[in-house]
Amino acid sequence: MRMITIATAATLCLGLAACGGSDEAETSTAATGMATPAATGMASSAAAATSGEFGAGCAAVPTDPSNAGSFQAMAQVPVATAASGNPVLSTLVTAVKEAGLVDSLNSAPALTVFAPANDAFAKIPKADLDKVLADKKQLTDVLTFHAVAGRLAPAQLAGEHETLQGGKLTVTGSGENFTVNGNSMVVCGNVQTANATVYIIDTVLMPKS
């Protein structure tokens, strides 16, 4: 697992320099609801896996399959593009673009992403959030602290997991009730995208400085 994590983290780091020029293209893809050829290939394993989502927060996700933010549409495209279509994750999408991580996240072979909902970012004082958004290195550390190499099903979620940032997350709970690092609740879990399993959380996770 450590070798996979290092390799995936390296992919993220190498992608930073090239991400800026293609964020607009990814946004356009999300807006039209169309998958790229690479995304279409990745979607084959996840397209049908949209019936196992759980949590009260899932009620805020669009139900129309033609909506880019619906579970069905998200399963067809890679994770950053999927998040771009989901109104619950708009602040996260802004942060991912500011960090230049769109291409890196989309091209990763398999991830588990703990995705802070808009309400999670709203808990952070605006001045503090603006400061983090303006500091690319710190923002990248925060965002990669929310991602783990490999897909974790709900039955595999509890335990300690090394993140792409290098720190570790501890998940407790079982069934449909999980808490990350003691204070962040999973409000909508087991959301599938073409290359990631997403757990939407209600509090932003901060790596140790």
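Of the 209 residues of the protein chain, 49% count as buried, meaning under 20% relative accessible area with a 1.4 Å probe on protein chains only, where exposed is over 50% and partly exposed lies in between. The model is predicted, so local features need pLDDT of at least 70 and side-chain atom pairs count only at pLDDT 80 or more, while totals for chains, interfaces and linings use all residues. Residues are numbered from 1 along each chain as its sequence is written, and side-chain values use heavy atoms, with hydrogens and water left out.

**Overall make-up**
- The protein chain has 11 helices and seven strands; these are DSSP runs numbered from the N terminus (helices H or I, at least four residues; strands E, at least two).
- Among contacts (heavy atoms within 4.5 Å) with a separation of 6 or more in the protein chain, 69% are accounted for by residues 24 or more positions apart.

**Nonpolar cores**
- A nonpolar core is a set of buried Ala, Val, Leu, Ile, Met, Phe, Trp, Tyr and Cys residues joined through side-chain atoms within 4.5 Å.
- The largest such core has 40 residues, of which V113 and L143 touch the most other members.
- Helix 6 gives the most to this core, with five residues.
- Neighbours within four places in sequence aside, V113 is in contact with V79, H146, A147, A196, T197, V198 and Y199.
- A second, separate core has 14 residues, including F114, F145, L157 and L169.

**Helix 6 and helix 10**
- Helix 6 (residues 90-99) packs with helix 10 (residues 136-144) at an angle of about 125 degrees, and their axes are 9 Å apart.
- Axes are lines fitted to C-alpha atoms, for helices over the stretch in contact, and angles run from 0 to 180 degrees between N-to-C directions.
- Helix 6 and helix 10 are therefore oblique to each other, the class left after under 35 degrees (roughly parallel), over 145 (roughly antiparallel) and 65 to 115 (roughly perpendicular).
- Helix 6 contributes L92, A95, V96, E98 and A99 to the contact, and helix 10 contributes K136, L139, T140 and L143.
- By class, the residues of this contact are six nonpolar, one polar and two charged (nonpolar: Ala, Val, Leu, Ile, Met, Phe, Trp, Tyr, Cys and Pro; charged: Asp, Glu, Lys and Arg; polar: the others, Gly among them).

- N181, in the loop between strand 5 (177-180) and strand 6 (184-192), has a positive phi near 55 degrees.
- At 31% relative accessibility, N181 counts as partly exposed.
- N190 is placed in strand 6 and has a positive phi near 65 degrees.
- N190 counts as buried, at 14% relative accessibility.
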